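Thanks for asking me to look this one over. My notes follow as numbered points, starting with the aromatic side chains and ending with the chain as a whole.

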Amino acid sequence: MKAVRYHEKGAPEVMRVEEVETPRPDADEALVRVEAAAVHYGDVLSRSGAYYPVQRPLPTIPGWEVLGVVEAVGDGVDEARVGTRVMGSVTSGAYAEYAVGPISGLKPAPEGLDPHVAMAGVQLGVTATLILTTTGRLAPGESVWVSAAGGALGSLAIQLAKLHGAGRVYAGASSEAKRALALEAGADEVFDYTRAGWSERVIAANGGAGVDLALETVGGDVFYETLEVVRAGGRIVNYGNASDTDSPVNPRALLRRNLTPSGYMDGFHTAAADRARDEVIGYLRDGRLRPRVGGVHAMSEAPAAHRAVQDRTAAGKLIIVPAG
């Protein structure tokens, strides 16, 4: 089969389309004929050599989220699953014509949804929902700050905050174009978080009070200023570190205003994730949740897709399809 693979960490160009052996499903696994694979920021971090908690041995096929058709199953898996369309996580790498993964991580693909819309909306929608509700404990009427709001996850977080009853949602993005996208997603006001003093402007827009809940994914100086934008007794959820910096927190910054910092990573909220998935699919079907597909790339264009994510020029979820 054809697959995107790299033999060393480095720039996006280390990825090449190669002929490799088609994987075989082991017990409790399924072989999926891939129709689409999602490009995640973690793929970019792992390929570049930056810190990422999950690393595969080299050479490796990047990616973990796919949508496709079950072609074969291993021992312990119902043969009736063969021929069904699924989406979820694989372990052999997603940027390929075929991939294998535990059947437990492959859910039925939502019927009636465009595959690319499903790839852009379901998993990221579940992540945004859990960040807001399970970790962030969002209550109706509360104010929310969303950083990196021009991206695929930020856009969904804005929409889902509103769907879950948030009062005002403030959004930060680094360019005028991305701030326009955040407004389009439903943000009440947008701010350039690369400008000094942005937290003061958000507080002023919120009637002189900090926000109840802040979503933060940049790290570094942006994380520190996010602490300032939250009201006394408020919460901060960090779910990424795009700046790739170590950011020690001074305990005084927390205790002087009774702040609650939390971290979020997918994979720790199984039951809540199942409930969130059903909810998100419902929102996608009735049009209340509108994910943004930033581009569909052939496998040969994987380096360009990674560069767009790395340079923060992607405006929406990027997808790899097994062609070229």
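1. A word on terms before the aromatic residues: rings of Phe, Tyr and Trp (for Trp, its six-membered ring) count as a pair if their centres lie within 6.5 Å. Planes under 30 degrees apart make a pair stacked, and planes over 60 make it edge-to-face. Please keep in mind that this is a predicted model. Searching the whole structure on these terms turns up four aromatic pairs.

2. Have a look at Trp-145 and Trp-198 to begin with. Their ring centres are 4.7 Å apart and the planes meet at 15°, so this pair is stacked. Trp-145 sits in strand E8 (residues 144-146) and Trp-198 in helix H5 (residues 198-205), so the pair ties together parts that are 53 residues apart in sequence.

3. Are these two tryptophans, Trp-145 and Trp-198, buried or exposed? Trp-145 has 0% relative accessibility and counts as buried. Trp-198, at 1%, counts as buried too.

4. The second pair to view is Phe-223 with Tyr-224. Here the ring centres lie 6.2 Å apart with the planes at 65°, so the pair is edge-to-face. Phe-223 counts as buried at 10% relative accessibility, whereas Tyr-224 is partly exposed, with a relative accessible area of 31%.

5. Now for the fold as a whole. The chain has nine helices and 15 strands. Its C-alpha trace spans about 60 × 40 × 35 Å along the principal axes. For 324 residues, a compact globule would have a radius of gyration near 20 Å, and the chain's value of 20 Å agrees with that.

6. How much of the chain is buried? Of its 324 residues, 52% count as buried. Among contacts with a separation of 6 or more, 68% come from residues 24 or more positions apart.

7. Last, the surface and the charges. The accessible surface of the chain is about 13,800 Å², and carbon and sulfur atoms account for 51% of it. There are 32 positive and 39 negative side chains, with the centres of the two sets 5 Å apart.

Technical notes: Residues are numbered from 1 along each chain as its sequence is written. This is a predicted model: local features need pLDDT of at least 70, side-chain atom pairs count only at pLDDT 80 or more; totals for chains, interfaces and linings use all residues. Side-chain values use heavy atoms; hydrogens and water are left out. Helices (H or I, at least four residues) and strands (E, at least two) are DSSP runs, numbered from the N terminus. The radius of gyration is taken over C-alpha atoms; the globule rule is 2.2 Å times the number of residues to the power 0.38. Buried means under 20% relative accessible area, exposed over 50%, partly exposed in between (1.4 Å probe, protein chains only). Contact means heavy atoms within 4.5 Å. Accessible areas come from the Shrake-Rupley method with a 1.4 Å probe; for residues, only the protein chains shown count as cover. Lys and Arg count as positive and Asp and Glu as negative; His and the chain ends are not counted. The place of a charge is taken as NZ of Lys, CZ of Arg, CG of Asp or CD of Glu.
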